[in-house]
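Subject: The structure, and some notes on it

Hi,

Here is the structure I promised to send over. Have a look at it first, and then read on for what turned up when I went through it.

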Amino acid sequence: MIRYLTAGESHGEALIGIVEGVPAGLPLVADDINVHLARRWMGFGRGGRAKFEQDLVHFYSGVRFSKTMGSPIALKLENAAFLQDKSGWPEVMSVDGSGEGIEKITLPRPGHADLTGAQKYGFDDIRPVIDRSSARETAMRVACCSIARKLLQELGIQIGSHVIRIGEVGYDGPHDYAEKVAKLCQYGAFGLSEAADGNEVRMLDADLSRRCIEHIQTVKKEGDSLGGVYEVIVTGVPVGLGSYVQWDRKLDARLGHAILSIQAQKGVEIGDGIAAASARGSAVHDPISFDGKSFPRLQNRAGGIEGGMSNGMPIVVRGYMKPIPTLIKPLGTADLNTGEEQPTRYERSDVTSVPAASTVAEAVIAMEIANAVLEKFGGDSLEEIRSRMVGR
Ligand code: EPS
């Protein structure tokens, strides 16, 4: 199994990752990761920081002559915000000294980890909470999980995504886009991501994307923020990843955990799960056929998972993101130390990062699928896994 940990503060010197359990012999170069780090920065609606963060990964261990060695892979991403001339962050985030003369942040943002985090850890300054709970951490998450994605790619499993709603603007339901998505995924889900990456909000419909951009512009003028919904598709999935026999082996539960672990994600749906709750069984369950070799379902409303196991159909996961809690528009809050009620202060922020979240979701889903593959087929090297997957 692959395990990974991230470390680092948003305005600290760097983000660090350690990925352990990656099989040996996997071809891996920095660009396999950098390409996904760049995709994470795409998307209309990001704030000022998108202009200067570069996000180019450095490997420190676990890779030799462009192949993994089976040993832990250590990764680093520098924070340009910290390293820029006169940024002030080296003083604010200094690892030594007493912090004397550094302004304390004491006004918690509603909806953010700020207040509860400060109460939990006993801080009189919210800065440590702001900096570690920040979605900056997702850059390292994408870096770590892109290694799992590379492994899947070598095994013929592809992951793609697209945005289906930003705030008030979105499709009426899967019937509006399912056919287009199926066509783009005909040769694997990369086709879907390629199409989505060509659009400023990672949407497949030009008219809808134009309306989303107008919506983001209006909301930006009002100093507000927006959430949204995205869909992740996995193709080439073998039958039987995950299991029905124990709660923590169910694949859908593990994918749900992965999505909800991303900052600001508040809901997750597998296949047409939410609509299914208000429909009849005959309109929900996918009829089974037989093509002489396998048992394709005639529909995929289950989203490729039945009984906590992959059934061989594409896996479909939707993530629901709340609006970012850092707003220009003031909201009511109370000072952490004095209790004095007052409005929140202006903060530099993104209006929306749903397009970015869709790429982070691809990454964390890749890690879960890779682990489910390793669990079923095992193997210490890419070749060993490959040989065990033959005729899967
Ligand atoms: C974030 C706030 C913004 C975003 C940041 C996440 O940063 P800053 O406060 O420096 O303007 O730009 O996102 C990233 C840096 C990133 O890499 O995605 C937050 O509070 O979550």
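**Strand S9 and its partners**

Strands S9 and S13 are paired in the antiparallel sense, with 7 bridges between them. Before I go further, please keep in mind that this is a predicted model. Within that pairing, Tyr230 has Gly319 of S13 as its bridge partner. S9 also pairs with strand S7 (residues 158-166): the two run antiparallel and are joined by 8 bridges. There, Arg165 stands opposite Val229 of S9.

How much of S9 is buried? The count is 8 of the 8 residues, so the strand is largely enclosed by the rest of the structure. In a regular strand, side chains alternate between the two faces of the sheet. In S9, Gly228, Tyr230, Val232 and Val234 point one way, while Val229, Glu231, Ile233 and Thr235 point the other way, and all of them are buried.

Glu231 makes a salt bridge with Arg318, with 2.9 Å between the closest N and O atoms. Glu231 belongs to strand S9 (residues 228-235) and Arg318 to strand S13 (residues 315-321), so the pair ties together parts that lie 87 residues apart in sequence. Both Glu231 and Arg318 are buried.

**Other salt bridges**

How many salt bridges does the structure hold? There are 29.

In one of them, the side chains of Lys150 and Asp32 meet at 3.2 Å, N to O. Lys150 has a relative accessible area of 10% and is buried. Asp32 is buried as well, with a relative accessible area of 19%.

In the other, Arg254 and Glu375 bring their side chains together in a salt bridge of 3.3 Å, N to O. Arg254 is part of helix H10 (residues 251-260) and Glu375 is part of helix H12 (residues 354-377), so the pair ties together parts that are 121 residues apart in sequence. Is each partner buried or partly exposed? Arg254 is buried, with a relative accessible area of 11%, whereas Glu375 is partly exposed at 36%.

There is also a network: salt bridges with shared partners join Arg39, Arg149, Asp197, Arg202 and Glu362.

**How H6 meets H12**

Two packed helices are described by the angle between their axes and the distance between the axes. The axes of H6 and H12 come within 8 Å and cross at roughly 45°. That makes H6 oblique to H12, and H6 passes H12 in a left-handed crossing. Which residues make the contact? On the H6 side they include Arg141, Val142, Cys144, Cys145 and Arg149, and on the H12 side they include Glu362, Ala363, Met367 and Leu374.

**The four-stranded sheet**

Elsewhere, 4 strands form an open, antiparallel sheet in the order S1-S2-S6-S3. Strand S1 (3-7) and strand S3 (58-61) stand at the edges with a single partner strand each, so one side of each has no neighbour in the sheet. From one strand to the next, the twist averages 20°. Inside the sheet, strand S2 (residues 14-20) and strand S6 (residues 73-78) pair in the antiparallel sense over 6 bridges. Val19 has Ile73 of S6 as its bridge partner.

**Two histidines**

His36 is found in helix H1, where it is buried, with a relative accessible area of 13%. Leaving out residues up to four places away in sequence, His36 touches Val142, Ser146 and Arg149.

His58 is found in strand S3 and is partly exposed, with a relative accessible area of 36%. Beyond its neighbours within four places in sequence, His58 is in contact with Ala74, Leu75 and Lys76. His58 and Ala74 are 16 residues apart in sequence, and their C-alpha atoms are 8.4 Å apart in space.

Best wishes

Terms used
Residues numbered from 1 in each chain as written. Predicted model: local features only at pLDDT ≥ 70, side-chain atom pairs only at ≥ 80, totals over all residues. Heavy atoms only, no water. Salt bridge = Lys/Arg side-chain N within 4 Å of Asp/Glu carboxyl O. Buried < 20%, exposed > 50% of the residue type's maximum accessible area, 1.4 Å probe, protein only. Pairing = 2+ DSSP bridges. Axes fitted to C-alpha atoms, helices over the stretch in contact; angles between N-to-C directions. Contact = heavy atoms within 4.5 Å. Parallel < 35°, antiparallel > 145°, perpendicular 65-115°, else oblique. Left-handed = near helix turned anticlockwise from the far one by under 90°.
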